[in-house]
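Q: I have a model open and would like to talk through it piece by piece. Can we begin with the ligand site?

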Amino acid sequence: MARQVGGRLQEVRGKIEALARELNKEMARLVAVSKLMPNEAIMEAYEADQRHFGENYVQEICEKAPQLPSDIKWHFIGHLQSNKAKMLVQGVPNLFMVESVDSSKLANQLDKACDAVKRDLLQVMLQVNTSKEESKSGCEAEEAAAIASHIVNNCKRLKLAGLMTIGKLGDPNPEPYFKKLVECRSMIAKELGVEESSLLLSMGMSGDYELAIRMGSNNVRVGSTIFGERPPKEKSGGEQASPAVSGGAADKAAGQEGTVLATEGSWFQQTTSWILRHPLSAASCLALAATCAYQLRRLKLA
Ligand SMILES: *Cc1c(COP(=O)(O)O)cnc(C)c1O
């Protein structure tokens, strides 16, 4: 495992470096997205000198951060409800950036929470929904400028670092969404009266980070390419992050043919280590047993 995570990290870094040379630009920052991954996996990346990590769930990051080195620079990249802002800021003193601010209300709550703990400026990115999907993630491009100026003018503890987008999940061509974010930045920079380059772009994930960098990304968020396939997220129980699974997990796993074999059993290692540290409900145990049976068959061990 150790060599796996470190090796994959090196591979991704090599590609980012090569692109920086080719485009004659500063290297894009690599955020290793560790959601649903155990601390052991994070430490492997840490030992390979990775410091920027991304997490999606408030409860999970608040559990992990205190158990891990304090010089980690955490990026929160998941959907954040305003009423969880305080928990996030209090629970993660080394929170480096919140990339997923999507409303003035959330910005206000983060600002207030930072003020309460008297922390340094918290960097934030405005997440823009560039795909006009009904997906709840990100503000509309039309409201982005107003929220951006609200952050700049009214949130004293926040620093607007840039814009973030996910694009449209499942669309094999992310180009239109990246282009939209680039346009959105031009518009906002004009509105704020600042240089475009003072606003960073966070776009690009495992499948498209190279294209994203070519299109101007300064910050890429790469998860599965570094850590391998993620265990499934438990749907019930709100924020609870675990590889324990709901009823359809075995079916879902059945759709992941190939990837299971490709991870060389890492799913088992991660899941086992998670189980050892968390209590499981009876329903989760049953669902997990079904998934394990499936995975064992796939690996031809049973
Ligand atoms: C999970 C996630 C990523 C990483 O996805 P991979 O495809 O595993 O690289 C990046 N950004 C956000 C917002 C995510 O939720």
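This is a predicted model: local features need pLDDT of at least 70, side-chain atom pairs count only at pLDDT 80 or more; totals for chains, interfaces and linings use all residues.

Q: How many residues surround the ligand, and which are the closest?
A: The ligand is surrounded by 13 residues, and the closest are Met205, Ser206, Arg221, Gly223 and Ser224; a residue is near a molecule if its C-beta atom, placed from the backbone, lies within 6 Å of it.

Q: What is the shell around the ligand by class?
A: It has five nonpolar, six polar and two charged residues, with Ala, Val, Leu, Ile, Met, Phe, Trp, Tyr, Cys and Pro counted as nonpolar, Asp, Glu, Lys and Arg as charged, and the others, Gly among them, as polar.

Q: What joins β1 to β9?
A: Four bridges join β9 to strand β1 (residues 29–33), and the two run parallel; strands pair if DSSP finds at least two bridges between them. Within that pairing, Val222 of β9 is the bridge partner of Ala32.

Q: Changing topic, which residues have the most contacts inside the largest nonpolar core?
A: Ala107, Leu110, Val124, Leu126, Leu163 and Val222 do, in a core of 67 residues, a nonpolar core being a set of buried Ala, Val, Leu, Ile, Met, Phe, Trp, Tyr and Cys residues joined through C-beta atoms within 7 Å.

Q: And what does Leu110 touch?
A: Leaving aside residues up to four places away in sequence, Leu110 touches Ala85, Val89, Val98, Leu122, Val124 and Leu158, where contact means that the C-beta atoms, placed from the backbone, lie within 7 Å.

Q: Which residues of α5 are buried, and what covers them?
A: Leu106, Ala107, Gln109, Leu110, Asp111 and Cys114 are buried, and their cover includes α4 (85–91), β4 (95–101), β5 (122–129), α6 (141–154) and β7 (158–164).

Q: What span should α5 have?
A: Its 14 residues (104–117) should span 20 Å at 1.5 Å a residue, and the end C-alpha atoms are 20 Å apart, which agrees; the expected span is 1.5 Å times one less than the number of residues.

Q: Is Lys118 buried or exposed?
A: Lys118 counts as exposed because it has 7 C-beta neighbours inside 10 Å. Lys118 sits in the loop between α5 and β5, and its phi is positive, about 55 degrees, although it is not a glycine.

Q: Last one, what about β7 and its partners?
A: Six of the seven residues of β7 are buried, so this strand is largely enclosed by the rest of the structure. β7 pairs with β5 in the parallel sense over six bridges, while three bridges join β7 to strand β8 (residues 200–202), also running parallel.

Conventions. Residues are numbered from 1 along each chain as its sequence is written. A residue is buried if 20 or more other C-beta atoms lie within 10 Å of its own, exposed if 12 or fewer, and partly exposed in between; C-beta atoms are placed from the backbone. Two residues are in contact if their C-beta atoms, placed from the backbone, lie within 7 Å.
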